[in-house]
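Work through the exercises below with the sequence and the structure at hand. Each task is followed by a solution in steps.

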Amino acid sequence: MRYHSHVMVSLCIGAAAAAYTHLPFTASYTAGVVIGSLLPDIDEPKSYVGRRSFGMANKVKEAFGHRGMTHSLVVWGAIAAIVIGESSSPFSLGFVLGYLFHILEDFLSVQGVPLLWPFQTKKYKLPLYRTGSIIEKLLFYSSFALFIYIGTEHQLFYEWVKSLSFHR
Ligand SMILES: [Zn+2]
């Protein structure tokens, strides 16, 4: 999945999560979701974050391969425990969720993800789309539409703008 699809689909699920739970749909929450949804591809030098990682992507890919450790639920759990342990701010919650949504989104691709690394190297998948395919584009546009719908229906955009709280 390309980075803009990861961001859009993750924002959509993030908005739904905020609409149906007590999660605050604030600017820092959405920033966390966006960053979290991009970070797992740090193991791919050609990805959006990889190209901005100052060569770190090459090192991670060399050591673990693409869609390796950074796409594992075990690694996610460890990162989540550290981040939430540090602070349970809206940004941290968004970050942890965005990261999880990324793994879920790649799980739906034909390439799959090693959910149980390091215990298993097997790649799990529920193949729904191929990266760059028409189905991925459909996922992008339907997430966009659904995001606007949920945001409007549940006053999330209002809450988001309010969270910017301009101080004078
Ligand atoms: Zn990925």
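**Exercise 1. A tyrosine in a loop**

In which loop is the place of Tyr48?

Solution. The model is a predicted one.
- Step 1: Tyr48 is placed in the loop between H2 and H3.

**Exercise 2. The zinc site**

Identify the residues that coordinate the zinc ion, and decide how the arrangement of its donor atoms is to be classed.

Solution. 
- Step 1: The zinc ion is coordinated by Asp41 through OD, His71 through NE2, His102 through NE2 and Asp106 through OD. The distances run from 1.9 to 2.2 Å.
- Step 2: The angles subtended by the 4 donor atoms range from 90 to 170 degrees. A tetrahedral class would need all angles between 85 and 135 degrees. The arrangement around the zinc ion is irregular because of the angles its donors subtend.
- Step 3: Written as a sequence pattern, the donor spacing is D-x29-H-x30-H-x3-D.
- Step 4: His71 sits in the loop between helix H3 (56-64) and helix H4 (73-86), while His102 belongs to helix H5 (residues 90-107), so this pair ties together parts that are 31 residues apart in sequence.
- Step 5: Both His71 and His102 are buried.

**Exercise 3. Two positive phi values**

For Phe54 and Gln155, find phi, the location and the exposure class.

Solution. 
- Step 1: Phe54 has phi near 55 degrees, which is positive although the residue is not glycine. Gln155 also has a positive phi near 55 degrees and is likewise a residue other than glycine.
- Step 2: Phe54 is in the loop between helix H2 (27-38) and H3. Gln155 is in the loop between H6 and helix H7 (156-163).
- Step 3: Phe54 is exposed, at 86% relative accessible area. Gln155 counts as exposed at 51%.
- Step 4: Gln155 can also be placed relative to Phe25: the two are 130 residues apart along the chain, and their C-alpha atoms are separated by 9.6 Å.

**Exercise 4. The loop between H5 and H6**

Describe Leu115, Pro118 and Leu128, together with the surface patch that includes Leu128.

Solution. 
- Step 1: Leu115 is found in the loop between H5 and H6. With 15% relative accessible area, Leu115 is buried. From Ser53, Leu115 is 62 residues away along the chain, with 24 Å between the C-alpha atoms.
- Step 2: Pro118 is also placed in the loop between H5 and H6. The peptide bond leading from Trp117 to Pro118 is cis, and its omega is near 5 degrees.
- Step 3: Leu128 lies in the loop between H5 and helix H6 (134-153). Its relative accessible area is 46%, so Leu128 is partly exposed.
- Step 4: Leu128, Ile134, Ile135 and Leu138 make a nonpolar surface patch of about 390 Å².

**Exercise 5. Annotated spans**

Which residues does UniProt assign to the features "signal peptide" and "transmembrane region"? Compare these records with the model.

Solution. 
- Step 1: An unreviewed UniProt entry places "signal peptide" at residues 1-18. In the model, this span is 89% helix and 0% strand, and its end C-alpha atoms lie 24 Å apart.
- Step 2: The unreviewed UniProt entry places "transmembrane region" at residues 68-85, 91-117 and 138-158.
- Step 3: Residues 91-117 are 63% helix and 0% strand, with 26 Å between the end C-alpha atoms.
- Step 4: Residues 138-158 are 90% helix and 0% strand, with 27 Å between the end C-alpha atoms.
- Step 5: Tyr149 lies in helix H6. At 51% relative accessibility, Tyr149 counts as exposed. Tyr149 and Ala15 are 134 residues apart in sequence, and their C-alpha atoms are 9.9 Å apart in space.

Technical notes
Residues are numbered from 1 along each chain as its sequence is written. This is a predicted model: local features need pLDDT of at least 70, side-chain atom pairs count only at pLDDT 80 or more; totals for chains, interfaces and linings use all residues. Side-chain values use heavy atoms; hydrogens and water are left out. Donors are N, O and S atoms within 2.8 Å of the metal (3.2 Å for Na, K and Ca); water is not among the atoms, so sites may look incomplete. Four donors count as tetrahedral if all angles lie between 85 and 135 degrees; four count as square planar and six as octahedral if opposite donors are over 155 degrees apart and all others between 65 and 115; anything else is irregular. Helices (H or I, at least four residues) and strands (E, at least two) are DSSP runs, numbered from the N terminus. Buried means under 20% relative accessible area, exposed over 50%, partly exposed in between (1.4 Å probe, protein chains only). Patches are made of residues with over 30% relative accessible area and no salt bridge: like charges are joined within 9 Å, nonpolar side chains (Val, Leu, Ile, Met, Phe, Trp, Tyr) within 5 Å. Accessible areas come from the Shrake-Rupley method with a 1.4 Å probe; for residues, only the protein chains shown count as cover. A salt bridge is a side-chain nitrogen of Lys or Arg within 4 Å of a carboxyl oxygen of Asp or Glu. UniProt positions are given in the numbering used here, feature names are shortened, and annotations may be inferred rather than shown by experiment.
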